[in-house]
Amino acid sequence: MAIFTGAGVAIVTPFNDDEERSINYDKLDALLDYHCNNGTDCIVICGTTGESATMTEEEHMQCVKFAIDRVKGRIPVIAGTGSNCTRTAIDMSKEAADYGADGLLLVTPYYNKATQAGLIAHYEAVAKEAKAPIIMYSVASRTGCNIEPATVAELVKNVDNIVGVKEASGNISQVAKIMSLTDGNIDLYSGNDDQIVPLLSLGAKGVISVLSNVAPKETHDICAKFFEGDVKGSLDLQLKAIPLIEKLFCEVNPIPVKKAMELMGKDCGPLRMPLTELSPEHTKALAQAMKGFGIELA
């Protein structure tokens with residue numbers, strides 16, 4: 001059984017406007033409730049959108065534990081525990097599993113640019129010690145390292161607790177080959193909000209979504225309508241969301257989505273450097289796209 005089906009939010013991490021940009025747990029608590037009450041099917045905590053790359057390991061794990069404790073099983077919680085260091089990924093994954101994470105999201109080791117043999121060794125090592133379902137995360141545009149379809153298939157077939165992949169390559173042919181090589185026996189999730197319906201048509205279980213931060217019900221509905229057989233309704237929502245999705249990625253994620261949250265009256269505080277605030281011209285365009293999608297601004 002899949003960890004979840006539908007729309008999982010790659011949730012932002014609210015920070016305080018202090019010198020340390022410390023985590024604002026009160027606002028995080030409110031966001032978790034917001035998603036549990038507005039159709040989100042899963043919380044993905046401390047992923048790229050959550051600015052995990054700028055957190056200390058201690059902060060990272062405190063944030064994971066907080067989310068698990070506060071969600072209290074209402075919907076699944078998946079912890080982002082990937083690292084460019086295999087030992088660090090093992091340690092964080094074990095800790096998250098001990099806290100009760102429903103699953104783990106492990107991005108490919110970034111900067112190191114491992115070979116496919118290295119990726120197999122990396123994921124096998126984490127899976128051996130972390131007793132929780134693992135979703136691999138392939139996003140070469142940010143890590144410089146692609147998980148080839150044959151590698152995905154080998155790991156899913158041979159390692160019991162490696163169950164799926166978040167596919168953010170943008171390459172539909174690669175996704176189709178993954179599904180072919182695994183005979184569809186894999187939990188596939190779209191890592192791109194503009195490709196939810198195409199990946200659902202190839203057998204995906206859902207999406208791990210940035211869009212869900214600002215439109216949780218609509219992102220859930222794209223998936224739910226498809227699963228219910230209302231493919232046209234699903235497609236209509238997908239196409240309606242495209243202008244907003246484009247603006248949510250007009251600068252590097254999560255710069256625009258944090259601004260979008262602020263525009264909705266859900267200010268999540270500043271970004272951690274080296275990320276900087278969204279430019280005024282992009283802010284204006286983002287606000288227009290949000291209103292065009294029917295999102296009420298504060």
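Helices (H or I, at least four residues) and strands (E, at least two) are DSSP runs, numbered from the N terminus. The model is predicted: local features need pLDDT of at least 70, side-chain atom pairs count only at pLDDT 80 or more, and totals for chains, interfaces and linings use all residues. Residues are numbered from 1 along each chain as its sequence is written, and side-chain values use heavy atoms, with hydrogens and water left out.

**Exercise: the barrel**

Determine in which order the eight strands close into a barrel, and in which sense they pair.

Solution. 
- Step one: recall that strands of a sheet pair through backbone hydrogen bonds, either parallel or antiparallel. Two strands are said to pair if DSSP finds at least two bridges between them.
- Step two: follow the strands around the barrel, in the order S1-S2-S3-S4-S5-S6-S7-S8, with parallel pairing. From one strand to the next, the twist averages 25°; here axes are lines fitted to C-alpha atoms, for helices over the stretch in contact, and angles run from 0 to 180 degrees between N-to-C directions.
- Step three: inspect single pairs. S1 is joined to S8 by four bridges in the parallel sense, and Val9 has Ser209 of S8 as its bridge partner. Three bridges, also parallel, connect S1 with S2, where Gly8 has Cys42 as its partner. Between S4 and S5 (residues 134-138) there are four bridges, and the two strands run parallel; Val107 stands opposite Tyr137 in S5.

**Exercise: helices against the strands**

State across which strands helices H4 and H9 lie.

Solution. 
- Step one: take H4 (residues 116-129), which lies across S4, S5 and S6 (162-167) and runs at about 155° to S5.
- Step two: take H9 (residues 216-227), which lies across S1 (6-10) and S8 (206-209) at about 160° to S1.
- Step three: consider how covered S1 is. Five of its five residues are buried, where buried means under 20% relative accessible area, exposed means over 50%, and partly exposed is in between (1.4 Å probe, protein chains only).

Solution. 
- Step one: locate them. Asn213 is in the loop between S8 and H9, and Thr49 in the loop between S2 and H2.
- Step two: classify them. Asn213 has 0% relative accessibility and therefore counts as buried; Thr49, at 3%, also counts as buried.
- Step three: list contacts (heavy atoms within 4.5 Å). Not counting residues up to four places away in sequence, Asn213 touches Val9, Ala10, Ile11, Val12, Tyr34, His35, Thr49, Val257 and Met261.

Where do Cys46 and Tyr111 lie, and is each of them buried or exposed?

Solution. 
- Step one: recall that most residues other than glycine have a negative phi, and most peptide bonds are trans.
- Step two: examine Cys46, whose phi is near 65°, a positive value. Cys46 is in the loop between S2 (42-45) and H2 and, at 2% relative accessibility, counts as buried.
- Step three: examine Tyr111, with a positive phi of about 70°. Tyr111 belongs to the loop between S4 and H4; its 71% relative accessibility makes it exposed.
- Step four: turn to the peptide bonds. The bond from Asn253 to Pro254 is cis, with omega near 10°, and Pro254 lies in the loop between H10 and H11 (255-263). The bond joining Met273 and Pro274 is cis too, with omega about 20°; Pro274 is found in the loop between H11 and H12 (280-292).

**Exercise: the largest pocket**

Describe the volume and the lining of the largest pocket.

Solution. 
- Step one: settle the terms. On a 1 Å grid over the protein atoms alone, a cavity is a set of points where a 1.4 Å probe fits but cannot get out, whereas a pocket is an open set with protein on both sides within 12 Å along at least five of seven lines; lining residues have an atom within 4 Å of a point. Grid points are joined across faces, edges and corners, and a volume is the space filled by probe spheres set on the points.
- Step two: the volume is about 570 Å³. Of the 29 lining residues, Thr48, Ser52, Ala53, Val107 and Tyr110 are the closest to the centre.
- Step three: S4 gives the most to this lining, with three residues.

Conventions
Ala, Val, Leu, Ile, Met, Phe, Trp, Tyr, Cys and Pro count as nonpolar, Asp, Glu, Lys and Arg as charged, and the others, Gly among them, as polar.
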